[in-house]
Amino acid sequence: MMRDMDLIRKIMLAARETKGVVNGIDGVDKEMFAAHVQLLDEAGLLVAAINGTSKRLPVGAIVYRLTWSGHDFADSIIDNTLWNKAKENVIKPASSWTFGILLEYLKAEIRSNIPGL
């Protein structure tokens, strides 16, 4: 399975905005949602419960909350213009990129828009 960064963004922003738990995203298969939640949980961006496996993928997941790092990442991807710019400049053209590179790019773009930094 490949990471779907748009789905990751949807999950992170849903977790950021909810007052409860997130157990799915409209229009997204439960297993695909669960697999991406598992990746985010492993990355330390959120706290979740992962349910069972089918064909080595989890069959369900519940997101309880974002971690401190998760809030930082969610705050960096909330702006649609910035997200689209990151996808255009980091995610799509590179045959190889890491989450760390994406995060550093987002931080640099945010810094460039703050006067006096």
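Q: Leaving aside its neighbours within four places in sequence, which residues is E109 in contact with?
A: Before we start, this is a predicted model, where local features need pLDDT of at least 70, side-chain atom pairs count only at pLDDT 80 or more, and totals for chains, interfaces and linings use all residues. Residues are numbered from 1 along each chain as its sequence is written, and side-chain values use heavy atoms, with hydrogens and water left out. Contact means heavy atoms within 4.5 Å. With neighbours within four places in sequence set aside, the contacts of E109 are L82 and K85.

Q: Is E109 buried or exposed?
A: Buried means under 20% relative accessible area, exposed over 50%, and partly exposed in between, using a 1.4 Å probe and protein chains only. E109 lies in helix α5, helices (H or I, at least four residues) and strands (E, at least two) being DSSP runs numbered from the N terminus. Because its relative accessibility is 15%, E109 counts as buried.

Q: Why are the buried residues of α3 on the same side of the helix?
A: The buried residues in α3 are G70, F73, A74, S76 and I77. The arc is taken from the directions from the helix axis to the C-beta atoms. These residues share one side of α3 because they cover an arc of only 160°.

Q: What is the angle between the planes of F73 and F99?
A: Rings of Phe, Tyr and Trp (its six-membered ring) pair if their centres lie within 6.5 Å; planes under 30 degrees apart count as stacked, over 60 as edge-to-face and the rest as tilted. The structure holds 1 aromatic pair. F73 in helix α3 and F99 in helix α5 are 26 residues apart. Their rings sit edge-to-face, 4.8 Å centre to centre, with the planes at 65°.

Q: How far from the centre of the W97 ring is the charged end of R3?
A: A charge sits over a ring if NZ of Lys or CZ of Arg is within 6 Å of the ring centre and within 35 degrees of the ring normal. The charged end of R3 sits over the ring of W97, and its distance from the centre is 4.7 Å.
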